[in-house]
Amino acid sequence: CASLNRMSFLATCSRLVSRGSTTRLVGKVICAKASRSISTYSQLSDEHTMLRDMCRTFADTELAPKAGEWDQAHKFPADAVKEMGNMGLMGVSQPAEFGGSGMDVLSYAIAIEEISRGCA
């Protein structure tokens, strides 16, 4: 979402309406999302599927069972974060030469989505 002046705001609105997108208007900020253009998991590459499965399993087995306890105790899950670092999830989209995993931004989005499944 980006703040827009009045003229560009109106131009953006008419472009969005002409493309059939849905919009949400809050003050002078407009957020647009394309309608029905989301790819399915069946279109993921093998690498992305393996990453999704690894993150989903970790979230379901390591994070979800303890998330409520961590929230109630206001405790930072240092061991879980360390484990995610060991799995290569702390620098998913960073180049390997800088210590990251060297994956693309879709990998990053998949990792964030699946890890968030384990949050309370």
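User: Which residue forms a salt bridge with Glu114, and at what N to O distance?

Analyst: This is a predicted model. A salt bridge needs a Lys or Arg nitrogen within 4 Å of a carboxyl oxygen. For Glu114 the partner is Arg56, and their closest N and O atoms are 2.9 Å apart.

User: How many residues apart are Glu114 and Arg56?

Analyst: Glu114 sits in helix H4, residues 105-116. Arg56 belongs to helix H2. The pair links distant parts of the chain, with a separation of 58 residues.

User: Is Glu114 buried or exposed?

Analyst: Buried means under 20% relative accessible area. Glu114 has 1%, so it falls in that class. For Glu114 the answer is buried.

User: Where do Glu62 and Lys66 lie?

Analyst: Their side chains meet in a salt bridge, 3.9 Å from N to O. Glu62 is partly exposed at 35% relative accessibility, and Lys66 is partly exposed at 36%. The two are 4 residues apart, about one turn of the helix, and that helix is H2.

User: What is the relative accessibility of Arg52, which meets Asp53 in a salt bridge?

Analyst: The Arg52 and Asp53 side chains meet at 3.1 Å, N to O. Asp53 is partly exposed, at 35% relative accessibility. Arg52 counts as buried, because the cut-off is under 20% and its value is 12%.

User: How many salt bridges does a search of the whole structure find?

Analyst: Several have come up already, including Arg52 with Asp53 and Glu62 with Lys66. A search of the whole structure gives a total of 5.

User: Now the backbone. What is the phi of His74?

Analyst: Most residues other than glycine have a negative phi. His74 is not a glycine, yet its phi is positive. The value is about 55°.

User: Where does His74 lie, and is it buried or exposed?

Analyst: His74 is in the loop between helix H2 (46-73) and helix H3 (78-86). Exposed means over 50% relative accessible area. His74 has 74%, so the class is exposed.

Notes
Residues are numbered from 1 along each chain as its sequence is written. This is a predicted model: local features need pLDDT of at least 70, side-chain atom pairs count only at pLDDT 80 or more; totals for chains, interfaces and linings use all residues. Side-chain values use heavy atoms; hydrogens and water are left out. Buried means under 20% relative accessible area, exposed over 50%, partly exposed in between (1.4 Å probe, protein chains only).
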